[in-house]
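Trainee: Before we go through this chain, could you show me its sequence and coordinates, and then let me ask about the packing piece by piece?

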Amino acid sequence: MKRRIKISTIILSVGMLALSSCNLDEYPHDSLVANTAWQSVSDAGNFRTGLYSSFKACTSGKYTYLTDDQADEFNATSGFGNREGDMYTWTFTSSQYDIVDIYENNYYCINQCDELIDNIDNIKTSSSSDSLKLANYKGEAYLIRAICYHTLAIRFAKDYEPSSAATDLGLPLVLHYDPTVKPSRSTLQQTYDQIQSDIANARKYLSTVGAANSHYFTTDVIDAFQARVDLYEHKYSDAVTLAQNVIAKYPLDTDESSLASMWLNDASGEVLFSVFQSSSEQGNDYSPYLNYSTGSSTFQPDFVPTKWVIDLYSNNDIRKAAYFVNAPMTSLSVNVSDVYLLNKYPGNPALKTSQYQYYNMEKLFRAGEAYLIAAEASYEGGNASQAITYLNELKTARHADLIPTTLSGDALFTEIKNEWVREFIGEGKRLDDLKRWHEGFTRHDPQDPSVLISATGAGYGDLSVDAS
């Protein structure tokens, strides 16, 4: 779904219409004067609503799942109709619309953050509660800007390495709203320094206390996000400390029904933040993984998980039943009855306007990630025993087989990497993880080649992509 409507412009226009008629002749008819739209707390609140709406547009649907389809966790079915085909086969160019949308929509969101940050201090307040509101709005804008820049850094720059970040190319940094500015690329170090600066400012202004299933940013979300950034920056000790803060407050689901409900109903005690949707305010959908057909009474997905992924789960692991459904499926004229389909996006009943829709709220930060950040950062920091502790705590909650306390070296790191797959399949982390580990991939071991577009052949079932 392409979004070209400028939400901030709409809000500014509505604000202008609210002015009394005697003021209309004071302003040009072909432009908007920004300071007239930043006069009250409600003006800022309206702009904040638009900002979160823009953030939803670039964090749901394909903005989540696309990179997982690019990697080695899924196979395209013979009926996938070439949807996301050039991304799946790695034949895309810089003008491919998905790539353009990721770049453009994140920068559009950044520009909205810039506009709020530049103008919100113009509003005069008469109460401490209003001052607190404005401070929180400003902190949220800094945090959204940081998240968007980190997304863009992962997609459009090299992996961060301390030894080369000062010379590796980063992003064009746009820190003030100016449609005419065309900055050159910063270094990757400067990009990450800006992300950390925005995080620091978010901490300065944002004071909203964390609570499960929040639809607005909180101080706990700051911890969760900075832990993620610190892992990428090799700040391993800091990443562990921040991840511990999250782990202490958000207990993991420990039974199959609760874990499945998190994905069906978009609510769980382990979710720090999810991007708000309603039946009248939907984001992008997640139809490629199920797509039920009333004609055939079977599912007709575009992508199915590979066998090697399914085999990673022991039968007692509650994620196997909560994250997947073993059900009849059809691909073109081929019918099969024993294929596992991803069931993380079954469609929240509260968001549907018809029976077979696949809208779910993107769970951008949840406690499972904190355990894996703590495990990986502990391992990279040379503390294998601590890494095993965090890994086994996550496994215990999911009823998965524990690893020996004596595991070390490459065998331990392999288990950490496998646990990232088990926990986050379909949530858009696989390609990012491979990039962080400087690893390529080869697609292998499909569940049932008869339903795939090709069991073998370059670009499909056996595609290889180098780490570079």
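Trainee: Is Phe217 buried or exposed?

Mentor: This is a predicted model, in which local features need pLDDT of at least 70 and side-chain atom pairs count only at pLDDT 80 or more, while totals for chains, interfaces and linings use all residues. Residues are numbered from 1 along each chain as its sequence is written, and side-chain values use heavy atoms, with hydrogens and water left out. The classes are buried for under 20% relative accessible area, exposed for over 50% and partly exposed in between, with a 1.4 Å probe and protein chains only. Because its relative accessible area is 0%, Phe217 is buried.

Trainee: How is the ring pair of Tyr52 and Phe217 classed, stacked, edge-to-face or tilted?

Mentor: Rings of Phe, Tyr and Trp (its six-membered ring) pair if their centres lie within 6.5 Å, and planes under 30 degrees apart are stacked, over 60 edge-to-face and the rest tilted; this rule gives 30 aromatic pairs. For Tyr52 and Phe217 the centres are 5.8 Å apart and the planes stand at 35 degrees, so the class is tilted.

Trainee: What distance separates the end C-alpha atoms of helix α14?

Mentor: The expected span of a helix is 1.5 Å times one less than its number of residues. Helix α14 (residues 384-397) has 14 residues and should therefore span 20 Å, which agrees with an end-to-end C-alpha distance of 20 Å.

Trainee: Which helices do the buried residues of α14 pack against?

Mentor: Among the buried residues of α14 are Ala387, Tyr390, Leu391 and Leu394. With contact taken as heavy atoms within 4.5 Å, the buried residues of this helix pack against α9 (236-249), α12, α13 (367-380) and α15 (409-424).

Trainee: After α14 comes His399; which residue's side chain reaches the backbone oxygen of His399 at 2.6 Å?

Mentor: His399 follows α14 and has a positive phi, near 60 degrees. The residue you ask about is found in the loop between α11 (307-310) and α12 (318-323), and its C-alpha atom lies 6.1 Å from that of His399, although they are 83 residues apart along the chain.

Trainee: How far from the ring centre of Tyr323 is the charged end of Lys344?

Mentor: A charge sits over a ring if NZ of Lys or CZ of Arg is within 6 Å of the ring centre and within 35 degrees of the ring normal. Ring pairs link Tyr323 into a cluster with Tyr65, Phe74, Trp263, Tyr286, Tyr289 and Tyr345. The charged end of Lys344 sits over the ring of Tyr323, and its distance from the centre is 4.2 Å.

Note on methods. Helices (H or I, at least four residues) and strands (E, at least two) are DSSP runs, numbered from the N terminus.
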